[in-house]
Structure formats: structure tokens, C-alpha cells
Amino acid sequence: MESQDLKATYREIFKANLIRICHSNQAYIKDYKLQKKLKAQLDSTLRFHKLHSKRPINLLFYSPLTLEFDIRKLLRFYRKKRNVRIFLPKMGGESFKAVRYRLPLQKQSFGVYEPNDSALWAKMDCAIVPVLGVDKELRRIGFGKGMYDRFFGKNPKKIPKIIFVSRNFNFVPQTITESHDIRGDCYLTPHQTIYKRGFASFWIHHFS
């Protein structure tokens, strides 16, 4: 089976896993555990940035869909932090741009809530990206619309840290993605974590 067919097959399997979580009322518990892990990652990133730069840190969050980890509590928490600027995707055509988080948010395509447009462009220091799953290369398997791939592909400068998040450990132990698919620095789920090291990846099992 070709990689595109495999990716489509796994996409449906992973989506079904996340739907089951929503229907079984496990989402709140999984979000709580994942929230703690993501906060630890972000706090570490903020400390590192503070040591190496005097400018505010720019974080790309997202507006969650039903199947995605509900990141809104962390978004509100870091929005109140000094020297932290929060950005959200704003859809446009087949991609999106990162705009500054400001209220009120407007409901747009696919039921996503977005801030009003902003003329401010800034280099992102860290991006939190929702995924359906990842493969052995730690590349993203998304919903198939390609918006994140296009955004990262056209971004003129590399984003130093990319954190993938998902409510379920959806992992393919082989390569089924392509070079244009985003590669993350770590993949966080409630019980498992994968970190990238050079050209390899390894995963750590967490029992809490």
C-alpha cells in the first residue's frame, strides 16, 4: 500500500479513536493530564527564552475543535503572563496566518474561533499544534486539509520548537508521511511522550 493510502487509512483509525474518547466522556480527564505535561514544556521554553532574549516570547496556540485537546485554559493562563504574546491561526484560502490573540473571537470556517485580523507579524518561538497522530519520523498526521503544512512551508524562518498534542497516543511505527509534512520536536499525549533527537525519535511512557 502506498504511503498516501496508508496515511488516509491511519487518519480514519486515529480519528475514530478520538471520537470514542469524546463519546466515553474521557476527554476531561485526558485534557487535565495533558494540560499538566504541556504546561511543564511551556514553562521550560519560557525559562530558556528569558535567558537568551530580552524580547517577549511569541507562542502559537490554536482554537480547539471537538476532537482536539482543549488548550483554552492554558491559553488564558499564558495570556496573563508578562512578556508573553499569544497568537492564533486565522484561516485564509488554503493556509492561515498567525495573528495576535484578541477578544472577541469570531466563529469561522470548520467552526473554528478566530481573532480579528492584525497587521502585526512576528517570528514564532514555539508552536503548539494539534495532531491526529504521528509516524516514526515524528511527522504530523492531520485532518488532511494541509493548512499547517502550507503555513510552516511558507514561513520564512524556522520555528525553533514545535509541540504536537493529542488526547490519544496515535503512533505509526513506520514512515507514512512525506517531507512536506511538519516534523515536531515532541509529541505529548496524556500517558506517552515522544521526543526528537537528531534524526531519530524515542518515546517515554508516563504512568501518571
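Colleague: At what angle do helix H2 and helix H3 pack, and how far apart are their axes?

Modeller: In this predicted model, where residues are numbered from 1 along each chain, local features need pLDDT of at least 70 and side-chain atom pairs count only at pLDDT 80 or more, while totals for chains, interfaces and linings use all residues. Side-chain values use heavy atoms, without hydrogens or water. Helix H2 (residues 27-52) and helix H3 (residues 72-79) pack at about 30°, with axes 11 Å apart.

Colleague: Why is H2 called roughly parallel to H3?

Modeller: Angles under 35 degrees count as roughly parallel; the angle here is about 30°, and therefore H2 is roughly parallel to H3.

Colleague: Which residues make the contact?

Modeller: Contact means heavy atoms within 4.5 Å. H2 contributes Gln-35, Leu-38, Lys-39, Leu-42, Asp-43 and Leu-46, and H3 contributes Lys-73, Leu-74, Phe-77 and Tyr-78. By class, this contact has 6 nonpolar, 1 polar and 3 charged residues.

Colleague: What makes a space a cavity, and how many cavities of 30 Å³ or more are counted?

Modeller: On a 1 Å grid over the protein atoms alone, a cavity is a set of points where a 1.4 Å probe fits but cannot get out, whereas a pocket is an open set with protein on both sides within 12 Å along at least five of seven lines. Lining residues have an atom within 4 Å of a point. By this rule there is 1 cavity of 30 Å³ or more. The largest cavity holds about 60 Å³ of space, and its lining has 9 nonpolar, 1 polar and 2 charged residues.

Colleague: Which element gives the largest share of the lining of the second largest pocket?

Modeller: H2 gives that share, with 5 residues. About 340 Å³ of space lies in this pocket.

Note on methods:
Axes are lines fitted to C-alpha atoms, for helices over the stretch in contact, and angles run from 0 to 180 degrees between N-to-C directions. Helices (H or I, at least four residues) and strands (E, at least two) are DSSP runs, numbered from the N terminus. Angles under 35 degrees count as roughly parallel, over 145 as roughly antiparallel, 65 to 115 as roughly perpendicular and the rest as oblique. Ala, Val, Leu, Ile, Met, Phe, Trp, Tyr, Cys and Pro count as nonpolar, Asp, Glu, Lys and Arg as charged, and the others, Gly among them, as polar. Grid points are joined across faces, edges and corners, and a volume is the space filled by probe spheres set on the points.
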